[in-house]
Amino acid sequence: MLSNLIGDRALAVGLPAAKRIAGVVTRLLPIPQPTLMVGPGASGRLGQAVGGFGHRQVLIVTDEVVSKLGLLKPLVDALAAAGTGFTVFDEVAPDAPIPVIEKGIEVFSREHCDAIVAFGGGSVLDAAKVIGLAAANDRHPRSLVGYFRALRGPVPIYAVPTTAGTGSEVTVAAVISDPEREKKLVIADTRIVPKMAALDPLLMTGLPKPVTAATGMDALTHAVEAYIGYWGTSFTDRMALSAVSMIYENLPLAYNDGANLAAREKMALASTYAGLAFTRANVGNVHAIAHQLGGKYHTPHGLANAIVLPHVLRFSAAEITGRLADLAIHARLGNEGESEEELADRFLDSVEALAASVGIPRRLDALRESDIPALAKAACWEADTSYPVPRRMTQDDCEAILRALLPPEPARRSTPAAKRVRKKAVAGKPAAGKKSGRRRAPA
């Protein structure tokens, strides 16, 4: 790997310069913004609009739960009324794994589709983007990983998010998973931004509390990382600060009363604002770590972000005191003129308090001590090569952050692997790691 060839010092000196150049490019790069339809019934109105565009056959990409709940009905009724054909592909699984995307590409090609409607959570939206891009270029998804790897853009893509978190309805990126290699892969291209998106709070009223919490904290992470990085612009700062204000006010409301349409609508808007912010300003160390946890343990992305966010903010705090103070003011934790240090401390404490109030755990039960060095190495590489972070993580820094996420010792002792070791020992068989008549404690 490049990091092994040029060394840690060279990375610390050379890559920030390269990323600053990339930041200038992102400020100048024309990134389309979708037309937004907002409010109860927006999904049906989007169906009417798509039906009027003259598409012959639309591929609706979704998941089994959305399909079974009947949430597609207003959309498909509108398409049918307009005489637009459609095919439903409802096999998308969490993390948008490559084998599922391959199936979606097959359906798209077989049905000769000329448009895509992504209807679901972040995994669905990202899968739809990749299906469209891969089909248009007759390429395997793996060959599109990275920035602008495709010759042709996809057919028109429209989006109906059913969660308020990823912001994928307005972003240039799609995150998919490679189960064989236990990795998350990022595909970025301005042409995969949806043409139109419907933010319909009626679709979100039935979300379980844990999903509401994790996706809401995901949106908060997007906004915060966009604001504290050094690629921000006046536009991305406005979007990020607005998103933070709306999330602090409305996430507890949506979590405690899922039927609160006003709170759901504002959370959907906050997610979109955060998406608009980070699609230019990018993300940071939280995402670098969360992507590794998702790839290795299939931890939902929003949950991983929520668990990691407080630790990374404290790690970076000395470099971003003024920015944290701004965030505190917009979260209504204080006022201008107060000490920046005090405001920053309040915001750091508030992130932990908000996460706890919506049931986010402080530790990740799946995390294993033995996996930490490899996870940290991959996270540092992703951050070094991709993100405009305010403070660079070394291998030791990242390992320390990850160790703070380890579950308590009893939880680690009760893992399936540990149980298998104990079962073998009880049965009189040699236990893994056994030495001098004693069983090695699980890592």
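Ile192 is buried, with a relative accessible area of 1%; here buried means under 20% relative accessible area, exposed over 50%, and partly exposed in between, for a 1.4 Å probe and protein chains only. Ile192 sits in the loop between strands E8 and E9. Helices (H or I, at least four residues) and strands (E, at least two) are DSSP runs numbered from the N terminus. Leaving aside residues up to four places away in sequence, Ile192 touches Lys129, Leu133, Pro154, Ile157, Thr171, Val172, Ala173, Ala174 and Ile187, where contact means heavy atoms within 4.5 Å. From Ile192 to Glu169 the C-alpha to C-alpha distance is 9.6 Å, with 23 residues of separation in sequence.

The model is predicted, with local features needing pLDDT of at least 70 and side-chain atom pairs counted only at pLDDT 80 or more, whereas totals for chains, interfaces and linings use all residues. Residues are numbered from 1 along each chain as its sequence is written, and side-chain values use heavy atoms, with hydrogens and water left out.

The protein contains 17 helices and nine strands. Of its 443 residues, 53% are buried. Among contacts between residues at least 6 apart in sequence, 78% join residues at least 24 apart.

Strands of a sheet pair through backbone hydrogen bonds, either parallel or antiparallel. Two strands are taken to pair if DSSP finds at least two bridges between them. E1 is joined by four bridges to E9 (residues 196-199), and the two run parallel. Within this pair, Val38 stands opposite Leu199 in E9.

The loop between H5 (98-110) and E4 (115-120) holds His112. This residue has a positive phi of about 55 degrees, although His112 is not a glycine. His112 is exposed, with a relative accessible area of 60%.

A further open sheet is formed by three strands in the order E5-E8-E7, and its pairing is mixed. E5 and E7 are the edge strands, each pairing on one side only. Helix H6 (residues 122-137) packs on this sheet and touches E7 and E8, its direction making about 95 degrees with that of E7. Helix H10 (residues 285-297) also packs on the sheet, touching E7 and E8, and its direction makes about 125 degrees with that of E8.

Two bridges join E5 (residues 146-147) to E8 (residues 183-188), and these strands run parallel. The bridge partner of Gly146 in E8 is Ile187, while Tyr147 stands opposite Ala188. E7 (residues 173-178) and E8 run antiparallel and are joined by six bridges. In this pair, Asp178 has Lys183 of E8 as its bridge partner. The hairpin of E7 and E8 has four residues between the strands, and Glu182 there takes a positive phi near 55 degrees.

Phe148 is found in the loop between E5 and E6 (157-161). Its phi is positive, about 50 degrees, although Phe148 is not a glycine. At 42% relative accessibility, Phe148 counts as partly exposed.

The axes of helices H7 (residues 209-228) and H9 (residues 261-281) come within 8 Å and cross at roughly 35 degrees. This crossing of H7 and H9 is left-handed, a term used if the near helix is turned anticlockwise from the far one by less than a right angle, with right-handed used if clockwise. On the H7 side the contact is made by Thr212, Gly216, Ala219, His222, Ala223 and Ala226. On the H9 side it is made by Arg264, Met267, Ser271, Ala274, Ala277, Phe278 and Ala281. By class, the contact of H7 with H9 has eight nonpolar, four polar and one charged residues. Ala, Val, Leu, Ile, Met, Phe, Trp, Tyr, Cys and Pro count as nonpolar, Asp, Glu, Lys and Arg as charged, and the others, Gly among them, as polar.

Methods
Axes fitted to C-alpha atoms, helices over the stretch in contact; angles between N-to-C directions.
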